[in-house]
Amino acid sequence: MAFQNKNLSVIAYANGFTLWHYAANETLATITASGYFNAVKTLMNTGDIVLVNASDKTSIKKIAVGDGAVTTATLD
């Protein structure tokens, strides 16, 4: 299954930072794969945070946008 815009929402926004929430009936590995969020790359910024509710796990990831792709990574 592909990214669904209806499953993405903004929890908070301030000073150029956005806290996102995404829930879908897909695995965490699928949702956090490089490029999964490319459809909304103009909305997301490096340093944003996304709370992911996947079919197998819930996780908090940081966003990086570069080279035309959105990627996720673990928080440091």
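Does aspartate 76 count as buried or exposed, and at what relative accessibility? Aspartate 76 counts as exposed, at 88% relative accessibility; exposed means over 50% relative accessible area, buried under 20%, and partly exposed in between, with a 1.4 Å probe and protein chains only.

The model is predicted: local features need pLDDT of at least 70, side-chain atom pairs count only at pLDDT 80 or more, and totals for chains, interfaces and linings use all residues. Residues are numbered from 1 along each chain as its sequence is written, and side-chain values use heavy atoms, with hydrogens and water left out.

**Figure 1. The fold of the protein.** The protein has 1 helix and 5 strands, arranged along the sequence as β-β-α-β-β-β. Its radius of gyration is 11 Å, close to the 11 Å from the globule rule for 76 residues, so the protein is as compact as a globular protein of that length. Helices (H or I, at least four residues) and strands (E, at least two) are DSSP runs, numbered from the N terminus. The radius of gyration is taken over C-alpha atoms, and the globule rule is 2.2 Å times the number of residues to the power 0.38. Along the principal axes, the C-alpha atoms fill a box of roughly 30 × 25 × 25 Å. Of the 76 residues, 33% count as buried.

**Figure 2. The salt bridge between aspartate 76 and lysine 62.** The structure holds 1 salt bridge, a term for a side-chain nitrogen of Lys or Arg within 4 Å of a carboxyl oxygen of Asp or Glu. Aspartate 76 pairs with lysine 62, and the closest N and O atoms are 2.9 Å apart. The pair links distant parts of the chain, 14 residues apart: aspartate 76 lies in the segment after strand E5 (69-74), and lysine 62 lies in strand E4 (residues 58-66). Lysine 62 is partly exposed, at 27% relative accessibility. Side chains of opposite charge can pair when their charged atoms come close.

**Figure 3. The surroundings of serine 59.** Serine 59 is located in strand E4. This serine 59 is buried, its relative accessible area being 15%. Leaving aside residues up to four places away in sequence, serine 59 touches Leu28, Val50, Leu51 and Val52, where a contact means heavy atoms within 4.5 Å. Between serine 59 and threonine 27 there are 11 Å in space, C-alpha to C-alpha, and the two are 32 residues apart in sequence.
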